Amino acid sequence: MSRAPQVPDRRLLLKGALAAGALAATPTAAQAATPAAARTATPTAQAATRPKKAAPFVNPLVRNRADPYIHRHSDGFYYFTATAPEYDRIILRRSRTLNGLTTAAESVIWTKHPTGVMGAHIWAPEIHRIGGKWYVYFASAPAESIWDIRIWVLENANPNPFKGTWEEKGQIRTAWETFSLDATTFTHRGTRYLAWAQHEPGQDNNTGLFLSRMANPWTLTGPQIRLSTPEYDWECVGYKVNEGPSVIARHGRLFMSYSASATDWHYCMGLLTADADADLMNPASWSKSPTPVFTSNDTTKQYGPGHNCFTVAEDGRSDVLVYHARQYKEIVGDPLNDPNRHTRVQKLGWHADGTPDFGIPVADTATDTEVTS
């Protein structure tokens with residue numbers, strides 16, 4: 001018997017919300033050859049032209065912010081948004097460095113409605129720059145029916161997303177009027193896509209992953225295909241969940257990370273892979289890794305890592321993994337009510353075969369107090 005994302009299936013909600021990471025928001029590695037002028041310059045001049053080495057990452061990067069999304073824009077700023085534990089607003093920070101996001105001023109750019117749609121469970125916002133405008137994708141539910149989660153879009157035409165007006169463009173209409181969340185968008189070879197998590201009628205799960213082309217930043221067009229459904233044991237602990245997709249394109253392939261299982265310490269990340277030349281709208285083009293690629297770690301004391309996105313370091317070349325995790329394993333009560341999922345960042349490595357090497361969630365950055373004790 002199919003098990004819809006019953007109200008208690010807040011498991012997926014626990015997703016507190018993703019993402020993801022969009023290709024458009026993830027600059028590709030710099031591949032330009034060194035200019036002749038730089039090659040012939042004096043050592044001092046060459047040093048001046050080399051990118052500055054970024055400071056080591058400090059973790060947690062931002063406390064009490066889950067489902068983090070970082071967009072590195074052409075203006076030189078990193079724009080950060082994430083789920084606030086009160087599930088009632090959309091926040092935004094910016095900094096010229098990743099570490100600077102820790103202390104950057106935080107602005108509330110939108111607040112939930114007191115009644116009606118967009119009145120509860122404001123989850124997993126992502127900020128994207130599309131066609132000269134800013135867009136925020138997020139999940140929410142009506143104030144009177146808090147588990148009827150759907151995907152919504154905001155638009156701001158001001159060049160500065162901290163200014164101007166955030167217009168509500170409405171709900172993204174998918175094939176079914178069912179539990180849906182964690183939308184991310186990316187472009188590939190001139191086509192814009194939306195990837196998201198949704199409960200498919202008739203499926204014995206909470207959510208699977210879906211993909212569609214887009215007619216505009218708030219409208220899907222053409223078929224909507226299922227990329228993945230929870231099938232392995234590690235995807236079905238507590239709840240049968242695939243959610244929080246995020247995409248990065250490297251080495252002739254597209255990699256879509258996603259999160260699985262309940263949002264306690266069992267929360268972990270899986271990976272889908274497609275060839276860059278393949279038809280992305282053909283489910284057969286995507287292969288799923290049979291084992292998780294990023295999991296809790298007792299040695300570094302990081303638990304429930306997931307709902308990630310990708311960005312690049314200040315050098316414009318080094319790939320960075322952005323995700324949330326807790327600093328303890330045991331949770332009292334519903335994980336959805338635990339506010340201590342913190343945003344974290346670390347280097348994303350690459351295996352010799354061109355596939356991403358997520359490694360393990362790094363330990364917290366040591367403080368003077370921790371060192372002396």
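Tutor: Let us begin with a term: a nonpolar core is a set of buried Ala, Val, Leu, Ile, Met, Phe, Trp, Tyr and Cys residues joined through side-chain atoms within 4.5 Å, where buried means under 20% relative accessible area, exposed over 50% and partly exposed in between, with a 1.4 Å probe and protein chains only. This is a predicted model, in which local features need pLDDT of at least 70 and side-chain atom pairs count only at pLDDT 80 or more, while totals for chains, interfaces and linings use all residues. Residues are numbered from 1 along each chain as its sequence is written, and side-chain values use heavy atoms, with hydrogens and water left out.

Student: What is the mean pLDDT of the protein chain?

Tutor: The pLDDT is the predictor's confidence in each residue, from 0 to 100. In this chain 84% of the residues reach 70 or more, and the mean is 88.

Student: Which element gives the largest share of the largest nonpolar core?

Tutor: The largest nonpolar core has 31 residues, and those with the most contacts inside it include Trp123, Leu211 and Trp286. Helices (H or I, at least four residues) and strands (E, at least two) are DSSP runs numbered from the N terminus, and among the elements that give two or more residues to this core are strand 5, strand 6 and strand 12 (219–228). The largest share, four residues, comes from strand 14.

Student: Which residues does a second, separate core include?

Tutor: This second core is separate and has 30 residues. Among its members are Tyr79, Leu98, Leu101 and Phe138.

Student: What is the bridge partner of Phe138 in strand 7?

Tutor: Strand 6 (residues 133–141) is joined to strand 5 by seven bridges, and strand 6 also pairs with strand 7 in the antiparallel sense over seven bridges. In strand 7, the partner of Phe138 is Trp152.

Student: How many residues of strand 7 are buried?

Tutor: In a regular strand the side chains alternate between the two faces of the sheet. In strand 7 both faces are covered, with Arg150, Trp152, Leu154 and Asn156 buried on one side and Ile151, Val153 and Glu155 buried on the other. Strand 7 is therefore largely enclosed by the rest of the structure, and the count of buried residues is seven of seven.

Student: What is the phi of Ala124, and what is the phi of His307?

Tutor: Most residues other than glycine have a negative phi, and most peptide bonds are trans. Ala124 lies in strand 5 and is buried, with a relative accessible area of 2%, whereas His307 is found in strand 17 and is buried at 0%. Both values are positive: phi of Ala124 is near 45°, and phi of His307 is near 40°.

Student: Which peptide bond is cis, with omega near -5°?

Tutor: The proline concerned, Pro60, lies in the loop between helix 3 (43–49) and strand 1 (66–72). The cis bond runs from Asn59 to Pro60.

Student: Which side chain makes a polar contact with the side chain of Asp338?

Tutor: Asp338 lies in the loop between strand 18 and strand 19 and counts as buried at 11% relative accessibility. A polar contact is a pair of N or O atoms within 3.5 Å; within protein, one must be able to donate a hydrogen and the other to accept it, and residues adjacent in sequence count only if both atoms are side-chain atoms. The side chain of Asp338 reaches the backbone nitrogen of Asn340 at 2.9 Å, and its side-chain partner, at 2.7 Å, is Tyr328.

Note on methods:
Pairing = 2+ DSSP bridges.
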